[in-house]
Amino acid sequence: MDPKCKHHSHTSFPPRRCFLLSISLILSLILLLLILGLTVLRPRHATTIVNSVRIAGLEASLKSPSLSLSLNLTLSLDITAHNPNHASFRYDEGSARMYYRGQLVGLAAIPPGEVEAEGSVNCVVDLTVMAGRLASDSTAYGDVIAGAMDFATETEIPGLVTVLGVFKHHMVSYTSCEVVVGVRSRTVENSDCRYRTKF
């Protein structure tokens, strides 16, 4: 006797159901990517904030009648870099500059580093007036006699945020401060700082 064989038929999905399932999967994937794009993948501005500006050293002397000025001034900037992103912010060597009435009088390097995701890093940068840079500046001579000098400082920190090891976002964080130095009081009498980040 021949063995009896039972044949099982496999029911296949109707084409309409397969189409709707595929559309649902595609829409779900698009929605997931949209959510990631608006949260994890969307870069946020890394910011650099100047917490304080103080005088680390100040010596000023005047020579008359030649109206020459000998000025040794060091401004100490307490800076915090904050990274609100869900990935670390790696920054290259930055720069800090000091100006007197538009003239560059001091320059310092900010060493490279890394700010962890949603973290902050604090550093102190010293800016010293270059020797002899204001020696023959009659305006500086007059400001010293008046007892106050107006300086401007700028910092620039370029960096990179890499999300999921694939998506790279370059950005540069800037700060600029207007600083009034009291020659007689040997203090920073006023400082006003502004911040911005550029992608």
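View 1. Cys177 is buried, at a relative accessible area of 0%. Buried means under 20% relative accessible area, exposed means over 50%, and partly exposed lies in between (1.4 Å probe, protein chains only). This is a predicted model: local features need pLDDT of at least 70, side-chain atom pairs count only at pLDDT 80 or more, and totals for chains, interfaces and linings use all residues. Residues are numbered from 1 along each chain as its sequence is written, and side-chain values use heavy atoms, with hydrogens and water left out. A disulfide links Cys177 to Cys193, with an S to S distance of 2.1 Å. The term stands for a pair of cysteine sulfur atoms within 2.5 Å. One disulfide turns up in a search of the whole structure. Cys177 sits in strand 9 and Cys193 in strand 10, so the pair ties together parts 16 residues apart in sequence. The S-S torsion of Cys177 and Cys193 is about 110 degrees, so the disulfide is right-handed.

**View 2. Strand 9 and strand 10.** Strand 9 and strand 10 (residues 187-198) run antiparallel, joined by 11 bridges. Strands (E, at least two residues) and helices (H or I, at least four) are DSSP runs, numbered from the N terminus. Two strands pair if DSSP finds at least two bridges between them. Val179 stands opposite Ser191 of strand 10. The hairpin of these strands has four residues between them. Which residue of the loop between strand 9 and strand 10 is shown here? Arg186 has its place there. Its phi is positive, near 55 degrees, although Arg186 is a residue other than glycine. Arg186 is partly exposed, at 48% relative accessible area.

**View 3. Strand 8 and strand 9.** Strand 8 (residues 148-163) runs antiparallel to strand 9 (residues 167-182), and 16 bridges join them. Pro158 has Val172 in strand 9 as its bridge partner. Three residues lie between the strands in this hairpin. Leu164, in the hairpin, takes a positive phi near 60 degrees.

**View 4. The loop at Glu118.** Glu118 is in the loop between strand 6 (113-115) and strand 7 (120-128). Glu118 is not a glycine, yet has a positive phi of about 55 degrees.

**View 5. A nonpolar patch and Leu27.** Phe19, Leu20, Ile23, Ile26, Leu27 and Ile30 make a nonpolar surface patch of about 580 Å². Patch residues have over 30% relative accessible area and no salt bridge; like charges are joined within 9 Å, nonpolar side chains (Val, Leu, Ile, Met, Phe, Trp, Tyr) within 5 Å. A salt bridge puts a side-chain nitrogen of Lys or Arg within 4 Å of a carboxyl oxygen of Asp or Glu. Leu27 belongs to helix 1 (residues 15-38). Leu27 is exposed, at 52% relative accessible area.

**View 6. Two further cysteines.** Cys18 is partly exposed, with a relative accessible area of 36%. Cys123 also counts as partly exposed, at 26% relative accessibility.

**View 7. The whole chain.** The chain holds two helices and 10 strands. From the N terminus on, its elements run α-β-β-β-β-β-β-β-α-β-β-β. Of its 199 residues, 34% are buried. Among contacts with a separation of 6 or more, 67% come from residues 24 or more positions apart. Contact means heavy atoms within 4.5 Å. The accessible surface is about 12,500 Å², with 57% belonging to carbon and sulfur atoms. Accessible areas come from the Shrake-Rupley method with a 1.4 Å probe; for residues, only the protein chains shown count as cover.
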